[in-house]
Amino acid sequence: MKVFTWSDGFHAFTIAVSSRSKALEAWGSKQDLFATGLASELSGGPDYDAALAAPGEVIERGLSIDVGKIGKIGKAAKPKKAAGPSHARIAKIERLQTELETLDADYQEADAALAERLKALEAERSDLERSHAKRRKDLTAALKAGRA
């Protein structure tokens, strides 16, 4: 018999069986808790003794949790990041804002130039239409006189 254990953080679950797969089956786990590091083989202690006393039965023990010490367990807590964007992010935002303003100004300038060119083309077209109409009227009159 081997003794295996895993914990959900609030309870420790221990069982004495012949293999890891039988332990996972007894715990009702579809995930390989051994592969993820959540489960391991136990080699001693009160849970070990209790599991060997009742092979094949899951021994559940509530874990004592001191809420005041939770943040202090393990590695030192990382300092909180400063609120707001970093200097690099602020610089990037300012650069992008400047690029956007430049893009808009360039567009306005190009649009104004196109509007002036369009106005000049419309005036040229109007002159062409007047010239065409006058020349057509003169030629129509000459043709009419020639036929008469």
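Predicted model: local features only at pLDDT ≥ 70, side-chain atom pairs only at ≥ 80, totals over all residues.
Author: Gladly! Helix H3 (residues 46–53) lies across S1, S2, S3 and S4, running at about 45° to S2.

Reader: What is the make-up of the protein in helices and strands?
Author: The count is four helices and four strands. Along the sequence they follow the pattern β-β-α-α-β-α-β-α.

Reader: What makes S1 and S2 a pair of strands?
Author: Two strands pair if at least two bridges are found between them. Strand S1 (residues 2–7) and S2 have six bridges, in the antiparallel sense, so by that definition they pair. Within this pair, Trp 6 stands opposite Phe 13 in S2.

Reader: What lies between S1 and S2 in their hairpin?
Author: Three residues lie between the two strands, and Gly 9 in the turn has a positive phi of about 100°. Another glycine with a positive phi is Gly 28, which follows H1 and has a value near 75°.

Reader: How do you know that S2 also pairs with S4?
Author: Use the cut-off of at least two bridges again. Four bridges join S2 to strand S4 (residues 59–62), and these strands run antiparallel. Ala 12 has Arg 61 in S4 as its bridge partner.

Reader: Which strand pairs with S1 over four bridges?
Author: That is S3, again in the antiparallel sense. Phe 4 stands opposite Glu 41 in S3.

Reader: Why are S3 and S4 called edge strands?
Author: The open sheet has the order S3-S1-S2-S4, with antiparallel pairing. Strand S3 (39–42) and S4 each have a single partner strand, so one side of each is left without a neighbour in the sheet. On average, neighbouring strands of this sheet are turned by 25° against each other, direction ignored.

Reader: Which strands does H1 touch?
Author: Helix H1 (residues 20–27) packs on the sheet and touches S1, S2 and S3; its direction makes about 130° with that of S2.

Reader: Which residues of H1 are buried?
Author: They are Ala 23, Leu 24 and Trp 27. Seen down the axis of H1, these buried residues fall within an arc of 100°, so they line one face of the helix. They pack against S1, S2, helix H2 (33–36) and S3.

Reader: What makes S2 a mostly covered strand?
Author: A residue counts as buried when its relative accessible area is under 20%. In S2 (residues 11–17), six of the seven residues are buried, and that is what makes the strand mostly covered. For the protein, 14% of the 148 residues count as buried.

Reader: Which residues are linked into a cluster by ring pairs?
Author: Phe 4, Trp 6, Phe 13, Trp 27 and Phe 34 are linked in this way. Two rings pair if their centres lie within 6.5 Å. The structure holds four aromatic pairs.

Reader: How many of the contacts with a separation of 6 or more come from residues 24 or more positions apart?
Author: They account for 55% of those contacts.

Reader: And what does the accessible surface of the protein come to?
Author: The value is about 12,400 Å², of which 57% belongs to carbon and sulfur atoms.

Technical notes
Residues numbered from 1 in each chain as written. Heavy atoms only, no water. Buried < 20%, exposed > 50% of the residue type's maximum accessible area, 1.4 Å probe, protein only. Axes fitted to C-alpha atoms, helices over the stretch in contact; angles between N-to-C directions. Contact = heavy atoms within 4.5 Å. Arc of directions from axis to C-beta. Areas by Shrake-Rupley, 256 points an atom, 1.4 Å probe, with all protein chains shown as cover. Phe/Tyr/Trp six-rings, centres within 6.5 Å; stacked < 30°, edge-to-face > 60°.
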